[in-house]
Amino acid sequence: MIKPDGVQRHLVGEIISRFEAKGFTLVGLKMMKVSRELAEQHYDVHKGKSFFSSLVDFIISAPVIAMIWEGENVVAAARKIIGATDPINAEPGSIRGDFGVSIGRNLIHGSDAIETARREIELWFKEEELVGWEPVRQSWLYE
Ligand code: DAT
Ligand code: MG
């Protein structure tokens, strides 16, 4: 999910192009204003932490881009493409390393495990919003 700062900073194309160029396939995409309820559910694991309420306020403060990317090891690879949670620790070349300055404005969320991705896809998307298709470049990406 491209967070409100990514949208406000006009980095949507830049961020999407990194996942495309790596070889992942976009199978779901929508721009939306997030309800407080969805934001709270999404960040359920952080409930009770000091940053929870400011995080939720931030996520609902402007539109986000929700995306589903498909491909081999996509969850682990996406975490690397995204970079460490605190941009100060994120490697240059990663999205947070290249564009982020502060932990509360780190541009993008990525699921941290396959199970989490399943839960988040169900939370964010309706069944009919998932678009299965067969990219022609697959044999040039995978042995
Ligand atoms: P990630 O987004 O890398 O999965 P996370 O799940 O630990 O990181 O935290 C979710 C978001 O909460 C994170 O992207 C930014 C915010 N956050 C995490 N730790 C924070 C902190 N110590 N202070 C402020 N915001 C924080
Ligand atoms: Mg997380």
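Tutor: Let's start with accessibility: a residue is buried under 20% relative accessible area, exposed over 50%, and partly exposed in between. In this predicted model, Arg 36 has 42% relative accessibility, so Arg 36 counts as partly exposed.

Student: Which residue forms a salt bridge with Arg 36?

Tutor: Asp 57 does, with the closest N and O atoms 3.0 Å apart. Asp 57 sits in helix 4 (residues 52-59) and Arg 36 in helix 3 (residues 36-42), so the pair ties together parts 21 residues apart in sequence. Asp 57 is also partly exposed, at 38% relative accessibility.

Student: How many salt bridges does a search of the whole structure find?

Tutor: Six. One of them joins Arg 18 to Asp 98, again judged by the closest N and O atoms, which are 3.0 Å apart. Because Arg 18 lies in helix 2 (residues 12-22) and Asp 98 in helix 6 (residues 95-99), this pair ties together parts that are 80 residues apart in sequence.

Student: Is Arg 18 buried or exposed?

Tutor: Arg 18 counts as buried, at 19% relative accessibility, while Asp 98 is partly exposed at 36%. Glu 14 joins in as well: Glu 14, Arg 18 and Asp 98 are linked in a network of salt bridges.

Student: What does Lys 30 meet in a salt bridge?

Tutor: The side chain of Glu 129, at 2.9 Å from N to O. Lys 30 belongs to strand 1 (residues 25-32) and Glu 129 to the loop between helix 7 (114-124) and helix 8 (138-141), so the pair ties together parts 99 residues apart in sequence. Glu 129 is partly exposed, with a relative accessible area of 25%.

Technical notes
Residues numbered from 1 in each chain as written. Chains lettered and ligands numbered in written order. Predicted model: local features only at pLDDT ≥ 70, side-chain atom pairs only at ≥ 80, totals over all residues. Heavy atoms only, no water. Salt bridge = Lys/Arg side-chain N within 4 Å of Asp/Glu carboxyl O. Helix = DSSP H or I, 4+ residues; strand = E, 2+ residues; numbered from the N terminus. Buried < 20%, exposed > 50% of the residue type's maximum accessible area, 1.4 Å probe, protein only.
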